[in-house]
Amino acid sequence: MELTGAQALIKSLEAQGVEVIFGIPGGAILPVYDPLIDSPLRHILVRHEQGAGHMAEGYAHVSGRPGVAMVTSGPAATNIVTALADAYMDSIPMVCITGQVALGSIGTDAFQEADTTGITMSVTKHNWLVTSAQDIPRIIKEAFHVATTGRPGPVLVDIPKDVSNQLMQWYWPDEVDMPGYKPTVKGHPKMIKQAAKLILEAKKPVIYAGGGIIRAGASDQLKTLAELISSPVATTLMGRGCFPDEHELAMGMPGMHGTYTAVTAIQKADLLIALGVRFDDRVTGKISSFAPNAKVIHVDIDPAELGKVRHPEVPIVGDVGYVLTELIKEIKNLEKKQDQSDKSAWLKQIKDWQIRFPLTYDKEQTKVIKPQFVVETLSANTPEDTIVVSGVGQHQMFATQYWKFNRPNQWVNSGGLGTMGFAIPAAIGAKVANPSAMVWAIDGDGCFQMTAQELVTASSEKIPIKVAILNNAYLGMVRQWQEMFYEERYSEVYLSPDLPDYVKWAEAMGCVGFRVESPDEVAIVIEKANAINDRPVVIDFRTDSSEKVYPMVPSGASNDDIVVDPSQGQGGM
Amino acid sequence: MKQYKHHTLSVLVENKAGVLSRIAGLFARRGFNIYSLAVAPTDDQKFSQITIVVDVQSAPLEQITKQLFKLINVVKISELDPATSCEYELILAKINAPGNNRASIIELVQLFGGKIVDIGISQLTVMLADSPTKVDDFEALLEPYGIIEVQRTGRVALAKQETSSAKLRSISGKVS
């Protein structure tokens with residue numbers, strides 16, 4: 001069967017099982033948009049290419065399947081770079097297709113030409129410049145294979161316009177032939193044995209679980225392990241939901257704005273069981289004083305993560321789900337010969353920290369709306385399977401701290417790159433992936449202004465997401481740092497609560513807009529928003545500008561120097 | 001064993017457009033230093049061989065090789081310890097050689113086992129292929145005569161042949 005490159009591309013995406021593409025057409029990608037008309041593939045027309053990228057990410061976060069974005073050459077490709085970098089940092093599977101100027105024009109500074117593969121080399125797991133239409137099915141198959149296997153990540157396929165128009169003989173490859181790409185899935189049995197031995201000996205273990213658990217679908221194994229060895233569990237920002245917050249062994253999030261208990265338990269632990277994590281600087285604080293007494297078992301599918309930041313006593317390369325299953329077997333075997341150490345004193349200590357230093361804020365206050373109160377009220381007044389999406393900043397920290405996460409793939413945010421403006425488009429992608437679930441974006445006023453135009457996409461495509469803007473009129477996290485570390489010298493952080501008028505703006509974009517100015521209205525308006533299912537809803541919550549995120553480990557400080565809420569005294573250890 | 005600050009990696013890569021750029025980009029982004037680099041085709045046209053001398057003071061060798069191995073087009077990496085590999089490098093140098101100096105330069109080249117590859121009125125172009133330290137010495141000794149231009153290839157290397165039965169050697173394998 002003879003097809004054009006463009007037809008072959010669409011057919012390849014269909015063969016790959018793609019159901020939706022987030023994109024926007026332009027010059028160099030024009031040939032591909034023509035066969036799209038005749039395809040069952042759903043296309044969601046975005047308003048900005050960055051939006052297409054974050055939507056694909058949101059889709060991937062929730063579904064576990066690769067998100068697909070398609071844009072044209074030059075500025076469109078550069079606009080999607082942020083989303084690629086974001087997906088790369090957070091290991092989100094994503095396939096990005098970009099148009100390119102014709103092969104003969106490459107390198108001539110042609111109209112809308114950019115060196116897309118060059119620019120995206122360092123923010124993709126791999127990328128391809130297609131030079132012959134005959135290669136398209138093979139490359140698309142390879143692209144999805146690379147994006148979804150091993151440590152997942154974004155890939156990009158750049159297709160020159162004349163290649164899209166070229167004729168090719170259709171085929172669909174049965175398998176990929178990539179001699180340099182063979183991810184290790186099974187952990188080394190000897191290392192797993194060593195890990196089991198350390199685990200049985202540990203008196204003060206902590207499980208430090210991250211996004212890798214979610215990507216690997218290993219939440220059940222994690223729960224089994226934690227219960228088997230009675231180890232408390234800290235879940236990182238990317239791993240929130242991989243272990244239920246309501247579980248008695250759950251300590252919440254570690255790191256700069258983690259719970260006192262999670263941060264302190266890691267500092268005092270004698271064994272750190274690190275599962276699908278990368279010892280990010282926001283978790284470790286000053287690395288030389290991070291978990292100083294702990295031996296480390298580190299399981300990750302990416303060999304380069306083992307020893308990158310912290311030397312592990314037991315490194316295990318492999319799929320964390322596979323490794324945990326083997327590890328659990330090994331521990332049970334070993335238990336026949338050797339008893340576990342007694343952990344009752346350790347668990348009592350954990351409980352004591354939890355009672356003394358819970359997450360807290362001024363709950364008595366009735367005049368201004370505390371941002372934490374909005375998150376708590378939302379969490380309490382939405383269905384169990386609600387998906388929560390956030391941008392980056394204070395609101396993100398309040399969301400992850402105060403929402404009770406009990407399932408994986410329920411929390412979508414930009415962790416590693418910290419991309420402001422992530423929430424709205426990612427929430428749209430999340431809702432497309434799971435239309436029956438309620439999707440709430442918890443956003444900041446600064447973030448909202450970066451990508452709000454995608455609500456037009458949501459309205460026109462009938463994707464009824466809900467947005468809670470925690471509008472404190474500031475770039476709140478920057479304000480917090482200026483207050484705490486720059487002697488309250490506020491430099492360029494004030495945004496104004498009224499400019500723009502968020503309600504009018506929401507309405508102009510086809511959404512329902514609400515404004516909430518007092519604490520007693522919060523629950524009432526959330527109920528109203530929950531009842532609207534035919535269009536997006538935006539709520540402008542006017543929150544307390546002076547509120548800060550606690551606990552906090554100051555940047556570059558040791559985790560031992562954690563600062564708790566002022567009402568809890570000095571903190572520290 | 002002597003601690004070398006440079007370590008040689010022999011990297012087999014798929015012969016595809018942009019591979020060198022990916023490797024150079026990775027080194028730049030991660031802050032690893034390349035000391036020298038040589039690229040050549042192999043007997044199989046699907047693959048190329050890249051010999052990279054890395055500065056292991058800029059980052060641990062293990063992290064460099066692991067990051068390098070993540071590149072999809074990198075098929076195999078062999079770490080060549082200078083103590084157990086044959087390393088060679090070629091130097092071409094254009095030397096200022098008026099009549100009174102010419103004989104001593106020729107003698108120097110002969111002592112090193114090099115070659116005179118081009119002769120001009122007042123200059124000589126000389127060549128030497130030898131171990132990197134010999135090449136360093138050669139270049140240093142040519143310096144006083146006045147080097148007009150110099151070009152070095154960067155080193156290429158292969159592991160040394162087995163000199164004892166493999167069964168009798170203690171094998172230390174890497175885990176994972």
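**Exercise 1. Find which side chain of chain A meets B:Lys70 in a salt bridge, and at what distance.**

Step 1. Start at the side chain of B:Lys70, which meets the side chain of A:Asp302 in a salt bridge (2.6 Å, N to O).
Step 2. Check the term: a salt bridge is a side-chain nitrogen of Lys or Arg within 4 Å of a carboxyl oxygen of Asp or Glu.
Step 3. Now count: there is 1 salt bridge between chain A and chain B.

A word on the model before we go on. This is a predicted model, where local features need pLDDT of at least 70 and side-chain atom pairs count only at pLDDT 80 or more, while totals for chains, interfaces and linings use all residues. Residues are numbered from 1 along each chain as its sequence is written, chains are lettered from A and ligands numbered from 1 in the order in which they are written, and side-chain values use heavy atoms, with hydrogens and water left out.

**Exercise 2. Describe the interface between chain A and chain B.**

Step 1. Count the residues in contact (heavy atoms within 4.5 Å): chain A brings 23 and chain B brings 19.
Step 2. The size of an interface is often given as the accessible area lost when the parts come together. Here, the buried area (accessible area, 1.4 Å probe, that two parts lose on being put together, summed over both) is about 1,700 Å², and carbon and sulfur atoms give 56% of it.
Step 3. Between the chains, 5 residue pairs are in polar contact, both residues at pLDDT 80 or more.
Step 4. Sort the residues on chain A's side: 12 are nonpolar, 5 polar and 6 charged. Ala, Val, Leu, Ile, Met, Phe, Trp, Tyr, Cys and Pro count as nonpolar, Asp, Glu, Lys and Arg as charged, and the others, Gly among them, as polar.

**Exercise 3. Work out which element of chain A gives the most to the side of domain 1 that touches domain 3.**

Step 1. Locate the domains of chain A, whose bounds come from an automatic or database domain assignment: domain 1 (2–169), domain 2 (189–356) and domain 3 (371–550).
Step 2. In chain A, 24 residues of domain 1 are in contact with 29 residues of domain 3, and the buried area is about 2,000 Å².
Step 3. A:Arg47, A:His61 and A:Val62 supply 30% of the area that domain 1 of chain A buries against domain 3 of chain A, more than any other three residues.
Step 4. Between these two domains of chain A, count 0 salt bridges and 8 residue pairs in polar contact, both at pLDDT 80 or more.
Step 5. Strand 2 (20–23), strand 3 (42–45), helix 3 (49–63) and helix 5 (81–89) of chain A each supply at least two residues of this side of domain 1. Helices (H or I, at least four residues) and strands (E, at least two) are DSSP runs, numbered from the N terminus.
Step 6. There is your solution: helix 3 of chain A gives the most, with 10 residues.

Note on methods
Polar contact = N/O pair within 3.5 Å; in protein donor to acceptor, adjacent residues only side chain to side chain.
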